[in-house]
Amino acid sequence: YLVTVLGCNDCHTTKKMTAEGPVPDLSRRLAGHWEDPNLPAPPKLPKGPWIAVTTMDFTAWSGPWGISYASNLTPDENTGIGIWTEQMFVKAIRTGKHMGQSRPILPPMPWMDFAKLNDDDLTAIFAYLRSLPPIKNQIPDPVRPPPPPTRRRSRRS
């Protein structure tokens with residue numbers, strides 16, 4: 001129930017469009033952003049109050065952090081969390097670092113809120129994820145934003 005009420009399917013499960021709008025594609029449950037070689041570049045937002053854009057199924061997001069893709073949470077050993085240990089999973093959620101040690105977990109993943117879950121809840125979530133059927137699905141690497149333009153100083157005589 002934790003995976004359901006915490007909304008993990010919202011971003012980590014691709015969607016199918018129905019008359020009622022997008023619904024989770026349970027054949028790809030929690031397998032993350034489905035690799036799409038034809039995914040266009042995200043639209044550029046004008047200056048103003050808007051900060052991010054997302055794909056129709058909420059599995060890819062673009063904002064000031066670059067482009068992030070929802071991870072494959074199934075226990076596939078090559079493309080999901082199949083080689084992760086319980087300790088790695090808990091540390092990843094607590095620190096906001098992928099596999100508990102490498103790159104930052106990017107927005108919109110609310111790891112700072114999930115870090116407040118107790119150990120029993122986090123280990124239960126991990127046990128549930130490990131019980132899912134593994135789905136082979138290689139998520140694209142995150143795309144970092146271009147560096148800000150450097151300002152050239154004018155030389156004064």
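**Note on the pockets and helix packing of a predicted chain**

1. The second largest pocket is lined by 20 residues, and those nearest its centre are Lys44, Leu45, Ser62, Gly63 and Pro64. A pocket here is an open set of points on a 1 Å grid over the protein atoms alone, with protein on both sides within 12 Å along at least five of seven lines, and lining residues have an atom within 4 Å of a point. Its volume is about 540 Å³, taken as the space filled by probe spheres set on the points, which are joined across faces, edges and corners; the probe is 1.4 Å.

2. The model is predicted: local features need pLDDT of at least 70 and side-chain atom pairs count only at pLDDT 80 or more, whereas totals for chains, interfaces and linings use all residues. Residues are numbered from 1 along each chain as its sequence is written, and side-chain values use heavy atoms, with hydrogens and water left out.

3. The chain has five helices and five strands, where helices (H or I, at least four residues) and strands (E, at least two) are DSSP runs numbered from the N terminus. Their order along the sequence is α-α-β-β-β-β-β-α-α-α. The C-alpha trace spans about 70 × 40 × 30 Å along its principal axes.

4. Strand E4 (60-63) and E5 each supply at least two residues to the lining of the second largest pocket. By class, this lining has 13 nonpolar, four polar and three charged residues; Ala, Val, Leu, Ile, Met, Phe, Trp, Tyr, Cys and Pro count as nonpolar, Asp, Glu, Lys and Arg as charged, and the others, Gly among them, as polar.

5. The largest pocket has a volume of about 940 Å³. Its lining comprises 43 residues, with His12, Tyr69, Ala70, Ser71 and Leu73 nearest the centre. Two or more lining residues come from each of helix H2 (8-12), strand E5 (66-69), H3 and H5, and H2 gives the most, with four residues. The classes in this lining are 28 nonpolar, 11 polar and four charged residues.

6. Helix H3 (residues 86-95) and helix H5 (residues 119-131) pack at an angle of about 120°, with their axes 10 Å apart. Axes are lines fitted to C-alpha atoms over the stretch in contact, and angles run from 0 to 180 degrees between N-to-C directions. H3 and H5 are therefore oblique to each other, since angles under 35 degrees count as roughly parallel, over 145 as roughly antiparallel, 65 to 115 as roughly perpendicular and the rest as oblique.

7. The contact (heavy atoms within 4.5 Å) is made by Glu86, Phe89, Val90, Ile93 and Arg94 of H3 with Asp119, Leu122, Thr123, Ile125, Phe126 and Leu129 of H5. It has seven nonpolar, one polar and three charged residues.

8. Two backbone features deserve a check. The peptide bond from Pro107 to Pro108 is cis, with omega near 10°, and Pro108 lies in the loop between H3 and helix H4 (111-114). Leu30, although not a glycine, has a positive phi of about 65°; Leu30 is in the loop between strand E2 (21-24) and strand E3 (53-54).
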